[in-house]
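Visitor: I am new to reading protein structures. Could you walk me through a few features, one at a time?

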Amino acid sequence: MDFLYWALIIAAFAIAFAGLIYPIIPSVVFVVGGFLLYGLFYGFDQFGYTFWIIEGIFVAVLFAADYVTNLIGIKKVGGSKAAIWGSTIGLLVGPFAIPIAGILIGPFIGAVIAELIVHKKDLKTSVKVGIGSLIGFISGVFAKSVIQLIMIGYFLFVVL
């Protein structure tokens, strides 16, 4: 049974990492779900207050990293709130509209269209904002993957 239990826990963590690429998958839910699965299978005795406080802080940092990296990427090149919204919408729609490549093209196109339509910026400036959005997204994926690895590493440190 241990093999099955650990397979489910590892599967939850793997789905969390897939969520970094496909934002429709709530990564943080699957990371915490892995912790809860462990608790259900083996007991919550090893998880003290310190564990939950530290992991809770990392959950907050995960949410902040997603927003902040996109914001910095767009603001650094002169983008607006409309570009942030366009990028977010593109991030959610892109993978479905254009499988695989849509994850990168979606935020870019969303930010460009938002700048063109909402703020009537020229194409060159809008493309620059789109590139900033793309850089912000890639930075966010990197930051969140590091944070998730730390969360899972700490979990393994506590339970093993």
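Predicted model: local features only at pLDDT ≥ 70, side-chain atom pairs only at ≥ 80, totals over all residues.

Visitor: How many salt bridges are counted here?

Guide: The general idea is that side chains of opposite charge can pair when their charged atoms come close. In this model the count is one salt bridge. The partners are E115 and K121, with 2.9 Å from N to O.

Visitor: Is E115 buried or exposed?

Guide: Buried means under 20% relative accessible area. E115 has 0%, so E115 is buried.

Visitor: Which residues form the nonpolar patch on the surface?

Guide: Residues in such a patch need over 30% relative accessible area. Here the members are I98, L104, I105, I109, I113, L116, I117, V118, L123 and I138, which together have about 830 Å² of accessible area.

Visitor: Which helix gives the most to the nonpolar patch?

Guide: That is α5, with seven residues. Helices α5 (102-118) and α6 (123-159) each supply at least two. Take I113 as an example: this residue lies in α5 and is partly exposed, at 42% relative accessibility.

Visitor: Now for the helix residue. Where does A64 lie?

Guide: A64 belongs to helix α3, which covers residues 49-75. With a relative accessible area of 37%, A64 is partly exposed.

Key:
Residues numbered from 1 in each chain as written. Heavy atoms only, no water. Salt bridge = Lys/Arg side-chain N within 4 Å of Asp/Glu carboxyl O. Buried < 20%, exposed > 50% of the residue type's maximum accessible area, 1.4 Å probe, protein only. Helix = DSSP H or I, 4+ residues; strand = E, 2+ residues; numbered from the N terminus. Patch = residues over 30% accessible without salt bridge, like charges linked within 9 Å, V, L, I, M, F, W, Y side chains within 5 Å. Areas by Shrake-Rupley, 256 points an atom, 1.4 Å probe, with all protein chains shown as cover.
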